[in-house]
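Visitor: Could you take me through this model slowly and show me what stands behind each term?
Guide: Gladly; let us look at it together.

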Amino acid sequence: MKIAITSLENNKASKMDPRFGRGAFFAVYDTENKEFSFYENEAKDAQGGAGPKAAELVVNLGVNKLLSSDFGPKAKAALEGMGIEMLLYSNEVKTVEEILLENS
Amino acid sequence: MTYKIAIASGKGGTGKTTVSLNLFYTLQKQLDQKIQLVDCDVEEPNINLFTKGELHSVSDVNIKIPVIDSDKCVYCGDCASACAYNAILFVKSISHIAVLEDLCHGCGACTYVCNQPDVIVEKDKKLGEVNVYSLENGNELVEGKIEIGSAIAVPVIGKTLKSTDENALRIIDAPPGTSCPVMETIKDVDYTILVTEPTPFGLNDLKLMVETMRKMKGKFGVVINRAGLGNLAIYDYLKEEKIELLMEIPFDKNLARIYSEGKIMVDEVPAIYEKYVKLFDKVKLNLDEANSYS
């Protein structure tokens with residue numbers, strides 16, 4: 001399974017980005033091979049529809065579970081339509097590595 | 001006269017509707033011809049609250065949006081790549097495709113690029129409506145109104161303006177701001193009156209609007225509402241930029257009261273009526289001058 005969260009930087013020590021669609025990076029953890037990977041969110045500066053576009057990018061990475069402190073209405077509808085598990089989660093102190101390990 | 005005169009402002013709440021209404025009622029007294037008031041502030045049209053006309057025609061504003069048959073779709077992704085508005089959600093890895101109706105602007109690019117038969121068909125989506133109200137003396141209010149929840153104003157404004165009478169003098173109330181809805185409203189007008197107020201916010205947004213007008217090569221002048229409030233920086237700016245000051249409306253409690261009661265200032269205060277007569281003289285001078293060159 002792959003689990004993801006938006007992160008402020010592209011490394012394991014980064015804090016989470018509270019936004020989903022306009023978050024800076026995606027931090028992805030693969031529970032099978034125990035590997036972390038980071039991807040730039042190419043949708044973050046979209047004029048409109050950043051949420052669904054970010055959902056599209058992250059699902060294409062094979063992610064089945066997403067954490068965010070806030071999913072926008074359009075992103076939420078898109079993710080629901082694709083059967084992706086969403087978890088509301090907020091923590092400004094922990095690193096994305098800690099968060100993803102705890103929630104996988 | 002068949003001129004189109006727009007009333008615009010960068011900042012909201014400076015008095016566009018006040019100026020539109022009072023100019024309309026001033027001209028109704030002065031001119032023996034058809035005049036239309038046009039409300040292009042489609043997200044919040046409010047002229048009708050003052051004119052209290054009788055509604056005589058309603059027409060819908062629709063765009064064509066795609067409906068994708070996911071059984072026939074081959075998941076090539078061409079439609080999603082062609083969409084400039086991220087309105088097609090396409091996830092190749094799980095063969096998922098969906099139209100995000102709220103984001104679609106109805107451009108038709110997806111239908112154009114799809115090379116599979118019968119995968120994309122188009123359906124109407126209502127964005128708003130154009131209402132025409134009868135006023136006194138055969139004059140009319142043409143009002144654009146967007147659907148609740150819709151964020152796409154431009155087609156509604158476009159159809160509102162197309163629904164106006166080409167033989168009438170048209171006074172057009174623009175939406176606030178300097179973005180697409182404003183540009184759609186003023187792109188084909190003969191003259192634009194910019195309404196502002198002598199405050200730092202008023203000046204900042206006026207500058208943005210002046211930049212917009214100059215890029216669009218439109219003729220314009222400025223009305224200062226609530227004169228006496230704030231500071232004098234706006235007057236220095238107008239002088240430096242050689243922009244014509246068309247009129248000042250004083251910051252006056254009595255005028256605010258008249259407006260709040262839904263009454264028309266030029267009907268209640270003769271001095272204000274005189275100001276609007278002079279305002280139109282100045283605007284007309286600009287228009288006739290422009291016409292004599294062409």
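**The sheet of chain B**

Guide: Chain B holds an open sheet of nine strands with mixed pairing, in the order β3-β6-β7-β2-β8-β1-β9-β10-β11. This is a predicted model, where local features need pLDDT of at least 70, side-chain atom pairs count only at pLDDT 80 or more, and totals for chains, interfaces and linings use all residues. Residues are numbered from 1 along each chain as its sequence is written, while chains are lettered from A and ligands numbered from 1 in the order in which they are written.

Visitor: What makes β9 and β10 of chain B a pair?
Guide: Two strands (E runs in DSSP of at least two residues, numbered from the N terminus) pair if DSSP finds at least two bridges between them. Five bridges join β9 (191–196) to β10 (220–227) in chain B, so by that definition they pair, and they run parallel. Within this pair, Thr196(B) stands opposite Ile224(B).

Visitor: Why do β3 and β11 of chain B stand at the edges?
Guide: β3 (54–68) and β11 (245–250) of chain B each have a single partner strand, so one side of each is left without a neighbour in the sheet.

Visitor: How do you know which residues of chain A are in contact with chain B?
Guide: Two residues are in contact if their C-beta atoms, placed from the backbone, lie within 7 Å. By that rule, 13 residues of chain A are in contact with 14 residues of chain B. The largest share of chain A's side, five residues, comes from α1(A), a helix (an H or I run of at least four residues).
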